Amino acid sequence: MFNFSLSLLFFWMKGSASVTADQVKVQFSNLLLGFIPTGKNDNIAPLNDVSDLKVGSKMAAWPLIIGLVLIILGTWAFTAHSVLWGIICLIVGIIIGLTGFQSTLSFVKTGPDVFIAVPFYEKSTLEQIKALIEKLQEESRPKTDASQVLEDL
C-alpha cells in the first residue's frame, strides 16, 4: 500500500494506491486549485486491464497565478505599512504557488482513464507504484518460447 500527499498546503490530505496480483486500487480526493477538496475518487482496475502507465510532471496555472498575486500583495504590504500582512501574504503565496508544480501518474483501463496529480516531491512514490504494476504485469504474463509454440503446431 502506497500513501501519498495530495496537496502541499494541506499535507494531511492523503491518497492511497494498493497494487496486488489481481487489481490496482487508487483512492484520492479531487482538489480545486490544488488545495480545496471537492470530492473523492475510488478507482479499481484489474491488473491485466491497466496499460499505458505514465509518470510525468505538469504545471497548474491557477495555483501559480493565485500564488503570484499573493506574493505581489505581500510585497506591496511591506512597502505600505503592514509588515505582518506582508509576511502572511508572502508565505501563503509561496505555498499556493508551489502547489502548481505537480507530478502525475496516469494509466488507461477499461472505463475512464485514471489521472492522479500530487505535489512535486511525491514523484518517487508514483514511480514506485508504476514499477510495481509493471513488475506484477510481467510476472502474470505466461512465459512462452517461440520454438515451443512452433513445435506444438
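Asp-52 counts as partly exposed, at 44% relative accessibility. On this scale, buried means under 20% relative accessible area, exposed means over 50%, and partly exposed lies in between (1.4 Å probe, protein chains only). Asp-52 sits in strand E5. Its phi is positive, about 55°, although Asp-52 is not a glycine. Helices (H or I, at least four residues) and strands (E, at least two) are DSSP runs, numbered from the N terminus.

The model is predicted: local features need pLDDT of at least 70, side-chain atom pairs count only at pLDDT 80 or more, and totals for chains, interfaces and linings use all residues. Residues are numbered from 1 along each chain as its sequence is written, and side-chain values use heavy atoms, with hydrogens and water left out.

Turn to helix H1. It has 20 residues and reaches 28 Å from its first C-alpha to its last, close to the 28 Å expected at 1.5 Å a residue. The expected span is 1.5 Å times one less than the number of residues. Pro-63, Gly-67, Leu-70, Gly-74 and Ala-77 are the buried residues of H1. They cover an arc of only 80° around the axis, which puts them on the same side of H1. The arc is that of the directions from the helix axis to the C-beta atoms. Leu-68, Ile-72, Trp-76 and Thr-79 are exposed on the other side of H1. An α-helix has 3.6 residues a turn, so residues three or four places apart point the same way.

What covers the buried side? For H1, the cover includes H2. Helix H2 takes in residues 83-98. Its 16 residues should span 22 Å at 1.5 Å a residue, and its end C-alpha atoms are 22 Å apart, which agrees. In H2, Gly-86, Cys-89, Gly-93, Ile-96 and Gly-97 are buried. Seen down the axis of H2, these buried residues fall within an arc of 110°, so they line one face of the helix. They pack against helix H1 (61-80) and strand E6 (101-108). Contact here means heavy atoms within 4.5 Å.

How do the two helices meet? The axes of H1 and H2 come within 7 Å and cross at roughly 160°. Axes are lines fitted to C-alpha atoms, for helices over the stretch in contact, and angles run from 0 to 180 degrees between N-to-C directions. H1 and H2 are therefore roughly antiparallel to each other, a label for angles over 145 degrees. Among the residues that make the contact are Leu-64 and Leu-73 of H1, and Trp-85 and Leu-90 of H2.

Helix H3 (residues 123-140) comes next. It has 18 residues and reaches 26 Å from its first C-alpha to its last, close to the 26 Å expected at 1.5 Å a residue. Its buried residues are Thr-125, Leu-126, Ile-129, Ile-133, Leu-136 and Gln-137. Seen down the axis of H3, they fall within an arc of 110°, so they line one face of the helix. The buried residues of H3 pack against strands E1 (2-5), E2 (14-19), E3 (23-32), E5 (51-59), E6 and E7 (114-119).

Leu-126 is buried, with a relative accessible area of 0%. Leaving aside neighbours within four places in sequence, Leu-126 is in contact with Val-55, Ser-103, Thr-104, Leu-105 and Val-118. The C-alpha atoms of Leu-126 and Phe-107 are separated by 12 Å, and the two residues are 19 residues apart along the chain.

Key: Angles under 35 degrees count as roughly parallel, over 145 as roughly antiparallel, 65 to 115 as roughly perpendicular and the rest as oblique.
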